Amino acid sequence: MKLDGIRVLDLSAFLPGPHASMMMADHGAEVIMVEPDNGSDTYGGGEPTRYMGARYQDGTSVWFANIARGKKSYRVNLKDPDKHARFMTLAKTADVVIEAFRPGVVKRLGVDYAAIKAIKPDIVYCSISAFGQDGRYRDKPAHDLVVQAMAGTADLTRGMDGSPALTPMPSADMTASLFALSGILMALYRREQTGQGDYLDISMYDSLLSWVPNVTGSIFAEDRQPDRGEMRSFGGNAFVNIYRTSDDGHIVLGGSEPKFVSNLLTALGRPDLIEAMKKPVGQQDTVKNFLTVTFLSKPQVEWEIKLGGIDCCWSTVRTLHTALTEEGAPVTIAPDGKRHIDNPIRFREEPAQLSFDLPEFGAHTKELP
């Protein structure tokens, strides 16, 4: 497998770091969860997701199973000198270290990049934090939603009443995890060429903001906040929008390429509106009004049948339950019946091999160096 022989020490928790390291474990890396020996912790000690959210019938947290599969667990109190020394012995054998403490914590614990590099010069060390290791916000505590609010993306996600809405997708966590994985793999590739490791400073805030080029035009070109009504992705485009059906269902149009516009408007008997779709985003109300009235005229199931025969970009608003339980869903059922989300990195020659073993807290502490 692609990452056979790579040992990862993951000191992070919750989602960004653990998800990135699970992607590596699925592709052959030996990933060791370095879990704090904090038995008095509110969650019971170790990785907090062991104890969070819905559980399978055997009591295992679904969240934990989908970020910890195939990993080992190393239980340690880094404030204990003897335990710290033993951890450093383990660190000498590592290729990658991932941590997601607030800036400054790993230095106080004596496991920062400088400390690890001193004993393992070619280490690839990745720090994930809300706002990075320096800068004006470095010490501000934050999880995903706070980062979204700080980055301005929560302001764009407003409901019909105009108020900011809670976003169920942890976009700051997701982007940081993606860049952490990408950066680690880049550093490992470079190490193969030069023998040198590197340090990665991954900011959730920076990671999220790197994904807004599609809505940044007015900010960089005109020095003003984007107007949602003029934005392609926020209702300004008649063919990138959500429309209600007569039975309170919803049809999403998600592509405004000329062929899709022509195909749908012709099928709906209004080819004369094709020209109106050439107007700038925010000036397509004639088409939006037509589509609003038209989709309200029939129930969702009838629109599904009609749209199914038209080459255009559309969908109903489906539930996550549907997406994860329908035939062909990217889900694997383990021998014990637990469902796991598949690894999306699909190689033809060496596909991911999911190990469904989940480590008990500290299960591998004694066997590791």
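This is a predicted model: local features need pLDDT of at least 70, side-chain atom pairs count only at pLDDT 80 or more; totals for chains, interfaces and linings use all residues.
What does I184 touch, once residues up to four places away in sequence are set aside? Its partners are M24, V96, I98, V124, C126 and L200.

Let me now turn to helix α8 itself. This helix has 24 residues, and from its first C-alpha to its last it reaches 34 Å, close to the 34 Å expected at 1.5 Å a residue. Just after α8 comes G195, with a positive phi of about 80°.

Two residues of this helix deserve a word. S171 lies in α8, and its side chain makes a polar contact of 3.5 Å with the side chain of Q148. Neighbours within four places in sequence aside, S171 is in contact with D144, Q148 and L208. G183 is likewise found in α8. Is G183 buried or exposed? Buried means under 20% relative accessible area, and G183 counts as buried because its relative accessibility is 15%. Between G183 and P121 there are 62 residues in sequence and 18 Å in space, C-alpha to C-alpha.

I come next to charged side chains. Side chains of opposite charge can pair when their charged atoms come close. In the whole structure, a search finds 18 salt bridges. One of them joins R7 to E30, with the closest N and O atoms 2.7 Å apart. This pair links distant parts of the chain, since R7 sits in strand β1 (residues 7-10) and E30 in strand β2 (residues 30-36), 23 residues apart. R7 counts as buried at 15% relative accessibility, whereas E30, at 22%, counts as partly exposed. Both residues belong to a network of salt bridges that links R7, E30, K72 and E367.

Two further bridges may be mentioned. The side chains of D272 and R270 meet at 2.8 Å, N to O, in a salt bridge, and R270 is partly exposed at 29% relative accessibility. K278 and E275 form a salt bridge with an N to O distance of 3.2 Å, and both of these residues are exposed.

My last topic is the aromatic rings. A pair of aromatic rings is described by the distance of the centres and the angle of the planes. The structure holds 11 aromatic pairs. Y113 and Y199 form a tilted pair, at 5.2 Å centre to centre and 40° between the planes. Y113 is in helix α5 (residues 113-119) and Y199 in strand β6, so that this pair links distant parts of the chain, 86 residues apart. Y199 is partly exposed, with a relative accessible area of 29%. Ring pairs link Y113, Y125 and Y199 into a cluster.

The rings of F131 and Y137 have centres 5.7 Å apart and planes at 55°, so this pair is tilted. F131 is buried, at 7% relative accessible area, while Y137 is partly exposed, at 27%. Thank you for your attention.

Key
Residues are numbered from 1 along each chain as its sequence is written. Side-chain values use heavy atoms; hydrogens and water are left out. Contact means heavy atoms within 4.5 Å. Helices (H or I, at least four residues) and strands (E, at least two) are DSSP runs, numbered from the N terminus. Buried means under 20% relative accessible area, exposed over 50%, partly exposed in between (1.4 Å probe, protein chains only). A salt bridge is a side-chain nitrogen of Lys or Arg within 4 Å of a carboxyl oxygen of Asp or Glu. The expected span of a helix is 1.5 Å times one less than its number of residues. A polar contact is a pair of N or O atoms within 3.5 Å; within protein, one must be able to donate a hydrogen and the other to accept it, and residues adjacent in sequence count only if both atoms are side-chain atoms. Rings of Phe, Tyr and Trp (its six-membered ring) pair if their centres lie within 6.5 Å; planes under 30 degrees apart count as stacked, over 60 as edge-to-face and the rest as tilted.
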